[in-house]
Amino acid sequence: MSGAEREKVTTPSVLEIRLLGPFRITVDGRAVEARRWSRRKPKLLVKLLALQPHQQLHREQAMELLWPDSDLEAAGNNLHKAIHMARHALEPELQPAADSHFILTQGQQIVLHAPKRLWVDVEAFEQAATEALTGEDREAYEAALALYGGDLLAEDIYEDWAARRREQLRGAYQELLIRLARLYEARGRYQQSIKRFKELVACDPSNEEAHRRLMRLHAVLGNRRQALRQYKECCDALREEQDAGPERATVELHGQIVAGLIRPLPGAKERAPQPGAAINSLAILPFVNASSDPASEYLSDGITEGIINGLSQLPQLRVMARSTVFRYKGLDVDPQEVGLKLGVRAVLTGRVLHRGDTLNIQMELVDVSDGSQLWGEQYGRRASDIFEVQEEIAEEITGKLRLRLSGEERGRLTKRHTESAEAYRLYLKGVYFWNKRTLEGVERSIGYFRRAIEADSRYALAYTGLSNSYAKLGDVGLTAIPPKEAFSKARAAAASALEIDDSLAEAHTSLAHVHMHGYEWRSAGREFRRAIELNPNYATAHHWHSYYLIMFGRADEALAEIARALELDPLSLPINTDFGELLYFARLYDRAAEQCRKTLEMDAYFYQAHLVLARVYGLKGRFEESLAESFRAAELSGDSTEALASLGHTLASSGKKKEARDMLTRLGELSQSIYVSPYDVALIHLGLGER
């Protein structure tokens, strides 16, 4: 649907502006793309207006601030052009003679406005901070801090008119941090206190009081090494920022820690685990590709995933799934903070340097309870020795986690699925492209999996990857070939994998998925049960099994299964979204909507969550909101047939029958070049009442 057609359906009414951290604007929930700002000044004008009281500014003030070196006539012409360009950036379909909904001129005043709601994060943060600082409500502090996405207009650091406000906002943020950290400390919530003091040090490295607080907190939690490390960080920061040494109070505290005069608190709830206690949960963060060649990315990703898959087969160890930990890829994060967020006891990090035939891997295992290092190692090998390296790493980790393994479990941990380094390399590339979940990525993954099988015809995991790739092509969303053909190839590949190795939980799950699409319910149930028996930590098995259960009306069991999948893979966008869909199937509509909104807080661009939310709103009769979500899903998906069908159904259900028939026409046009499911067509006819 074109922008003009969409304009007939709805008028832009909600404007949200974020100036803290990366600059972002959304109109009715849709992001204004960066490419719409062809010039810098129109964007600066919107930022300037958003920061003003009541979002309005006199023309002469705007000219003076934005064009201080221009004469009055030139500045006036520039302002006129900037207003015009800013209006069209926010409303690209705005007609030349039409009035803007968002930028108004009233006499000599320029006003930023929205018909229904104008929200600016700076105002929201200042109000929330003021309210929080008047009391001791920790939730109020957390809510205020969540609004601070970073320094004000960090990309416009040289704009003088923003400098003072930036410092004021940063000061309020730091005051919130230190007050909240003290509140947590006073209530014995030591890890939360440490987290907030660390954030304070990150934005104000020379804040000596914050460093002292961290030193004392680490000491009373029994982590003397970390306390001393904090003192060194303090000294380094002071030397770099102020060319000065630490205050006397800091030096004295350091001496007390060295002398062992600060005893760990006997009642501290978050002190380090007792020696000898096994650590039963682990997150393995994506290993960093330290090579200068981006083409080596598949190797660091593959080594990470290989360790995850190996350790997840141990029933006594809960390992965070790939899709959760890979949301941290490329981010500079604190392993201890990530571990606390994910609810695990230990976090493994690593770096992979691949040059020619040389492979260097650096590892560190961190105890989340106190941030201490449980283990660190560096491996230098030939690239062809990758199997031996992964086995050594897995055995070292289980030893440091103090896990007692049976002979069968140890064998499962060190099992090799191929002896061919070339086949393994090709398999890793297939997995790398498969995980992109795009049509192009999945098609490329099929090529690599096939080449891996050519290199080793007994490589069961490569057959499993091939099965999943074909199933993805045939499933809802990617419509490259008819589902019947795609699932036939997926079935053959899964069967080949199990013929080679019947102990692969992944292959049993893939075959169960194929059986479901073939309505072979008994076989699907048997394969799911076998997969979960072999690997109870395999999130995908629990995820897909939940759909099997809901199809038999076993809603309580289905929700329990997907809750288990979410426990293993809490940041997975598909699992979070499908949890909402299962709640929708179970007719728990309010909970379904809440779950979808929670998913969209994680990623507002995940179109499947918008799709499910549109269906929920539609069933509750909230057609305006359902339409908005349907449009958003279609836009974000690139007009996928699934999203267009959902939009057509919503349009029909809300009485917009002509627009719904336009969607039928669009699907008909698409069917000339790609596969369009009859279900998509039927869904729109159902909304039209043409049963």
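Hi everyone, let's start in the middle of the protein. The largest nonpolar core here has 74 residues, and those with the most contacts inside it are Leu-282, Ile-361 and Tyr-427. Apart from that core lies another one, of 65 residues, including Leu-48, Leu-66, Ile-110 and Ala-210. If you are new to this, here is a handy general idea: in soluble globular proteins, nonpolar side chains tend to be buried together. Please keep in mind that what we are looking at is a predicted model.

Let's zoom in on one residue of the largest core. Which residues does Leu-282 touch, once we leave aside neighbours within four places in sequence? Its partners include Leu-311, Leu-317, Val-344, Leu-365, Ile-397 and Leu-401, and Arg-318 is on the list too.

Now step back to the whole chain. You can find 31 helices and 13 strands in the protein. Its radius of gyration is 28 Å, close to the 26 Å that the globule rule gives for 691 residues, so the protein is as compact as a globular protein of that length. Along the principal axes, the C-alpha atoms fill a box of roughly 80 × 80 × 50 Å. Of the 691 residues, 51% count as buried. And if we take contacts between residues at least 6 apart in sequence, 61% of them join residues at least 24 apart.

Next, the cysteines. How many disulfides are there? The count comes to zero. Take Cys-235: the nearest cysteine sulfur, that of Cys-234, is 5.5 Å away, while a disulfide needs the two sulfur atoms within 2.5 Å. Cys-235 is buried, at 12% relative accessible area, and Cys-596 is buried as well, at 0%.

Is Glu-159 buried or exposed? With a relative accessibility of 14%, it counts as buried. What does its side chain do there? Not counting residues up to four places away in sequence, Glu-159 touches Arg-40 and Leu-44.

Last stop: Ala-560, in helix α24 (residues 555-568). Ala-560 is partly exposed, at 47% relative accessibility. Its C-alpha atom is 7.9 Å from that of Ser-546, which sits 14 residues away along the chain.

Key:
Residues are numbered from 1 along each chain as its sequence is written. This is a predicted model: local features need pLDDT of at least 70, side-chain atom pairs count only at pLDDT 80 or more; totals for chains, interfaces and linings use all residues. Side-chain values use heavy atoms; hydrogens and water are left out. Buried means under 20% relative accessible area, exposed over 50%, partly exposed in between (1.4 Å probe, protein chains only). A nonpolar core is a set of buried Ala, Val, Leu, Ile, Met, Phe, Trp, Tyr and Cys residues joined through side-chain atoms within 4.5 Å. Contact means heavy atoms within 4.5 Å. Helices (H or I, at least four residues) and strands (E, at least two) are DSSP runs, numbered from the N terminus. The radius of gyration is taken over C-alpha atoms; the globule rule is 2.2 Å times the number of residues to the power 0.38.
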